[in-house]
Amino acid sequence: MLATGFPSGRAPRRLAPIERPRARPGCLVSAEERAALVDHRPGAVRREDRRTLLAVDLGLALVEGEDGRLPTVFEVQVPRPRDEVVPPLRHFRLEHLDQCLQFLHTHPEAPLASPRYHPPPSLPPGGCPNGPPSLEWPVRGGEGLLAASKSIIGNYFEDLTPGREIVHAVPRTVTEGDQALYIALTANRYPLACDAEFARRLGFRRELVDDLLVFHTVFGKSVPDVSLNAVANLGYADVRFGVPVYPGDTITASTKVLGWRESSAGDTGVTWVHTVGENQHGDEVLSFIRWVLMDKRDKATNSGVDDAPKTPAAVDAKHLHIPAELDLSRFDSAVTGGRAWWEDYEPGERIHHVEGVAIEEAEHQMAARLYQNIARAHFNAHALKGSRFGKRVIYGGHIISMARALSFNGLENVVRILAFNGGTHSNPTFAGDTVFAWTDVLERIDLGRPDCGALRLRLVGVKNSDPRTEEQPFKVADDQGRERYHPNVVLDLDYTVLIPRRR
Amino acid sequence: MLATGFPSGRAPRRLAPIERPRARPGCLVSAEERAALVDHRPGAVRREDRRTLLAVDLGLALVEGEDGRLPTVFEVQVPRPRDEVVPPLRHFRLEHLDQCLQFLHTHPEAPLASPRYHPPPSLPPGGCPNGPPSLEWPVRGGEGLLAASKSIIGNYFEDLTPGREIVHAVPRTVTEGDQALYIALTANRYPLACDAEFARRLGFRRELVDDLLVFHTVFGKSVPDVSLNAVANLGYADVRFGVPVYPGDTITASTKVLGWRESSAGDTGVTWVHTVGENQHGDEVLSFIRWVLMDKRDKATNSGVDDAPKTPAAVDAKHLHIPAELDLSRFDSAVTGGRAWWEDYEPGERIHHVEGVAIEEAEHQMAARLYQNIARAHFNAHALKGSRFGKRVIYGGHIISMARALSFNGLENVVRILAFNGGTHSNPTFAGDTVFAWTDVLERIDLGRPDCGALRLRLVGVKNSDPRTEEQPFKVADDQGRERYHPNVVLDLDYTVLIPRRR
Amino acid sequence: MLATGFPSGRAPRRLAPIERPRARPGCLVSAEERAALVDHRPGAVRREDRRTLLAVDLGLALVEGEDGRLPTVFEVQVPRPRDEVVPPLRHFRLEHLDQCLQFLHTHPEAPLASPRYHPPPSLPPGGCPNGPPSLEWPVRGGEGLLAASKSIIGNYFEDLTPGREIVHAVPRTVTEGDQALYIALTANRYPLACDAEFARRLGFRRELVDDLLVFHTVFGKSVPDVSLNAVANLGYADVRFGVPVYPGDTITASTKVLGWRESSAGDTGVTWVHTVGENQHGDEVLSFIRWVLMDKRDKATNSGVDDAPKTPAAVDAKHLHIPAELDLSRFDSAVTGGRAWWEDYEPGERIHHVEGVAIEEAEHQMAARLYQNIARAHFNAHALKGSRFGKRVIYGGHIISMARALSFNGLENVVRILAFNGGTHSNPTFAGDTVFAWTDVLERIDLGRPDCGALRLRLVGVKNSDPRTEEQPFKVADDQGRERYHPNVVLDLDYTVLIPRRR
């Protein structure tokens, strides 16, 4: 058993070179094409050539670099039956390739090619200028070198090119077990998610999966592909809650990249994505836009890309989905304990939700894991010792859930969430913090129905300060006079809910 | 966004006064009646009148105070369809009203009334001398001032007047998800709650919701109305376990106030309540009396009320509910691992339950949240920093569950809990404590059946001391020579269980 | 209420002696037989005789000791209906008997026998030389002395004699609630356990209970009888995963003792057991061999027993169970996100699973409790303060689950676990540790099917060191030059999985 370094005991073997014309810089080529240009004589192989050869050995495609620049490496797609949904390409982790190169650099005698290499039956006519390669070569077995490629380290800024679509892995059947855990982790009391009788009286088959549990499930699915390497989750827009989800339904998620903007320093960038969740019947249960601050893989290169999409300031009323089965004629406020109706909430009104709840490491970890959200900021205590905060950061969605559960006290008659118009995790939350919440009523939205209306609300989460009894500013000016969220303010969520009208 | 203070940007507007005769002190009147007495000329409105006017503005009823005393304010009931269950009144939080008054005091120019105010079509003939008002006016929308009233801060001693009945909000469908969590949080092994095959052989449709999970669910429902502001949960009596609860059943809870006794200092008081839980068919699944030490809202006034109910020393045998479907002919002790039967437990016998289990913050928080028990003593670490213990106190019911789960070792054949005769959370438990338990057999109760009998047991919970191997007194004398529970003793529960007789 | 010491207020009463011939040393006899030899005159009863008389009083059987040696005491079996499964004997806790003796020693005036004692109708013809007794006397009711015996303290090395069979108590219906918790505690993403649609496409009725949740459930059942007093769980062999378990299935477990080997010092010993789990239809869902380092009850006596069984180095391919319903024709790697197939995994290849996850006390306690695993090393913080590590040790199975969940990244297409060939919890893990994992591909096993093959993998768990980026030896030499696992290596699991072949 090897202790460190290169995983395989077997030495990789030398590549059989292929003669090919030189590819155009910036153009996608097969690694084989590029490899044709390499001088394979012992001692003559340069570092960038070694990378190319490795890529060939691994069955990869390359984007040809400029002279003296290392090529970007793309992974090839595995062949698939024609009638199957084909997920888009995942980008190979260059980092792994560089680890291999590091090894090769210190072991220049190591041969490179694999005897398992065979030229693909048909190479593309000359590389393709844009987009992912259409090549369909098999992913080659490891021989040691491919090992690292079987696991995914997550995408970087460069990987999420606008227009790219990703079907996220591992759909999730949400059960009453998940619902129980959601309640145990948040103290959620909105009765539509915990009282089957109430739900039936409102026209549903049984209790519904809580709106935010749906949100977290879809969000969690997107993490491995979108935000595993995110520096920060910056915001949400146009978040629409669709058809109700019942325990037993299975949720699938997919994401399309909407746009990107590199930072002026070139070391990070903001990526906009649109994620959609569907149930097993293909009905949309949720869709949302979010934008994320991403690390760049190659921090030294500044591409200057700036293609940020426009996002709506609020979800248009015509996109607010009222479940077809909803029947409020038997809505009973004895069940909710609520005393106020749509008409009773006045814009400008503030509702303090009174209670505060401390959060423990075990709780937020269990919450994020329940959603199969594997973002390392919430889990990898070892790695985070060296991070900015030195510790685990609580999944922002958990804070939304905590604040939302607290908000039941004062919003008891709210039936469901219709939309997030926008939202910001304005400061991080850590284990040991106590979270409080208040709601500002922003707008009463007439849905043109006699039975219910919508309320646009601002849900604010605050940590370690009881805003009902303590002086707690919302925003403060920083040293440069810019308005910033007060450090205790951890959530600013502008969202829209459905609530019955007074009868 | 306002950082603090009064929530609405809009100023409330002036009241149209109504001429009415002066109400009798101590008598319930409508706010409108009281408002008729107010001199509304600018600068002439006194503080107590401002409160009255606010109450009118909010659609409230008042209990007329003595001269110079602020009136107590009651919230009016919303109108309801006749065929719906009508919950009793919730008491308006005077504290909120005082926050509004504080604002008005510092902003005397602010007008008071709302243009939305309209005199109720029919006023009651002259107020009512006792009890909650029978008025049925709509709760008026906020205009800023009602904002705070939408959330509930919980009742105080004065609010829980004997005879008052409360239907608790948010019935709960208990699922196999809750059951799984209950097991994960307690290590419960009684097979009726985790072995569907065993349950079927005993005549049940499937496994049952654990008796204590039912208890905690009903108890949790009562917390927002009964014990949110409780200083301490003092004791239980006459706790009867009714028809079995199956996963999927929905539990509703209601409470009637039985009596009260003010402390001699007048700053607190003890309140006795009777709480009943029912399933979706209206069958009683649990009923219990508990008494709670409550904070008073007005600590300066000593009413001297002393109307404590009598509680039975033990649940009468005729109230022990044996499920009709129970068939012990196929009871198999290979399933339970138990070796002892009803006849084998001798009064005077002590059974040490051997194991000890540490409790973490995350665990007791998840347990209490699972039961939707929002008592702040278990959660609000921020506020509790200034409390007597300086930290979160574990929900006493969780300790019952821990001790009960430990008790399986030695009571394996027990089928279910029939009753709590009495119980005391004798000392608080905190995260990090390790809990142990023993059982003293108090009595063998002959149920007049050949298949089973009842055992009256004392379940004692101890922290941070293994009573099987360490010297662990049960009670000790304090400085004044009074007998007190040893500080390590955290639970003293006198309860009755059902167990098969030897065949 | 007695604070400590002897539990009953009632004094036990004197035995009516029975005349019997002297039993042969080392032979199993009834306590009554032995009691016939005792000189009952006041003051004449010796310590070992008192033990004998107590045993009679408790309805026990004895293994006759040598002269001057205390006899080993066995508990007798309760009578059972003929058509019921009869569990094997549980061994009486001698420790409890010794506590009683201690009491008697300091209270020599206490009479011994019970008036409830009656000679059994038929005594066995003359004791039995080997194995458990076939006597069928009732367990006698307490009278104070039996009290301690009602609870179980767990078996010691001496108690688990080869050939002994134990049906474990408390079968467990595994629900979707358990599954949800399993996901929340491990972040498990293998879709067969969380995507009902995927499972249906593969021929199953719905999602399956995760393989490791089945493992832990069966393992947990065995703990009270096998490993409650284990010093360490040393290893696994021949672990076979059987028919799939669906949510709602009920799992029963039983164990047969395969062999034992006393340590040369005589204070501990290794016990090999074979444990089998079955569903409610009697289908085998799991079977495994494990060996455990046990404390000896009597550390002073060295029996020299050495009867270790042979365990296979790997589960034979013919014992790998492929579910009959499995249909891979509709296997969709878009669901798993996997890109590699059976053919793609090369022996010698190493797959780093990238992420690391911290573990909290609450999490591992909830995990072990979910499995109803009550081993005190995971829970009893109070007792463990004086232990080798001074704190709770995480259930090794939880580490397997954590590592397995991490392994999804790189093994996405794996359908299920077929076998553990061997496994070692090479070092303990504690709360606060961060766990990482890698997989070494050991072997590609051709199952003779066109649709799938098996992979033999080594799953290695590492704590507090990221083996992908940090120098992390697997084994190191200790002071004596022996090869040991590096202290960070917490799991070395050799297991076999099922994975589709490329189509």
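**Surroundings of B:F420**

Mentor: Leaving aside its neighbours within four places in sequence, B:F420 is in contact with B:L212, B:F215, B:A237, B:D238, B:V239, B:F241, B:V315, B:I400, B:L493, B:D494 and B:Y495; contact means heavy atoms within 4.5 Å. This is a predicted model, in which local features need pLDDT of at least 70 and side-chain atom pairs count only at pLDDT 80 or more, while totals for chains, interfaces and linings use all residues; side-chain values use heavy atoms, with hydrogens and water left out. Residues are numbered from 1 along each chain as its sequence is written, and chains are lettered from A and ligands numbered from 1 in the order in which they are written.

B:F420 belongs to strand β13 (residues 416-424) of chain B. Helices (H or I, at least four residues) and strands (E, at least two) are DSSP runs numbered from the N terminus. With a relative accessibility of 0%, B:F420 counts as buried; the term means under 20% relative accessible area, with exposed over 50% and partly exposed in between (1.4 Å probe, protein chains only). One of its contacts, B:D238, is 182 residues away along the chain, yet the two C-alpha atoms are 6.4 Å apart.

A nonpolar core is a set of buried Ala, Val, Leu, Ile, Met, Phe, Trp, Tyr and Cys residues joined through side-chain atoms within 4.5 Å. The largest such core has 201 residues, and A:F215, B:F215 and C:F215 touch the most other members. In chain A, not counting residues up to four places away in sequence, A:F215 touches A:Y236, A:V239, A:F241, A:L286, A:F288, A:Y395 and A:F420.

A:F215 and A:F420 also share one aromatic cluster with A:F219, A:Y236, A:F241, A:F288, A:Y371, A:Y395 and A:Y495. Rings of Phe, Tyr and Trp (its six-membered ring) pair if their centres lie within 6.5 Å; planes under 30 degrees apart count as stacked, over 60 as edge-to-face and the rest as tilted. By this rule there are 54 aromatic pairs over all chains. One of them is the tilted pair of A:W438 and A:F474, with 6.0 Å between centres and 55° between planes. A:W438 lies in strand β14 (residues 434-445) of chain A and A:F474 in the loop between β15 (452-463) and β16 (475-477), so the pair ties together parts that are 36 residues apart in sequence. Both A:W438 and A:F474 are buried.

Charges over rings come next. The criterion is NZ of Lys or CZ of Arg within 6 Å of the ring centre and within 35 degrees of the ring normal. A:K475 lies over the face of A:Y485, 4.6 Å from the ring centre, and C:K391 over that of C:F430, at 4.4 Å.

Back in chain B, two polar residues in loops are buried. B:N279, between β8 (268-278) and β9 (284-295), has a relative accessible area of 6%. A polar atom of its side chain lies 2.8 Å from the backbone nitrogen of B:H281. Residues up to four places away in sequence aside, B:N279 touches B:V243, B:T250 and B:V285. B:R339, in the loop between α7 (333-336) and β11 (350-352), is buried at 13%, and its side chain reaches the backbone oxygen of C:K150 at 2.8 Å. A polar contact is a pair of N or O atoms within 3.5 Å; within protein, one must be able to donate a hydrogen and the other to accept it, and residues adjacent in sequence count only if both atoms are side-chain atoms.

Helix α4 (residues 176-186) of chain B is mostly covered, with 11 of its 11 residues buried. At its start, a side-chain oxygen of B:T175 comes within 3.0 Å of the backbone nitrogen of B:G177. B:A187 follows α4(B) and has a positive phi near 65°. In chain A, helix α9 (residues 361-370) has 10 of its 10 residues buried, and A:Q372, just after it, has a positive phi of about 55°.

For chain A as a whole, there are 11 helices and 18 strands. Of its 503 residues, 65% are buried. Among its contacts with a separation of 6 or more, 76% join residues 24 or more positions apart.
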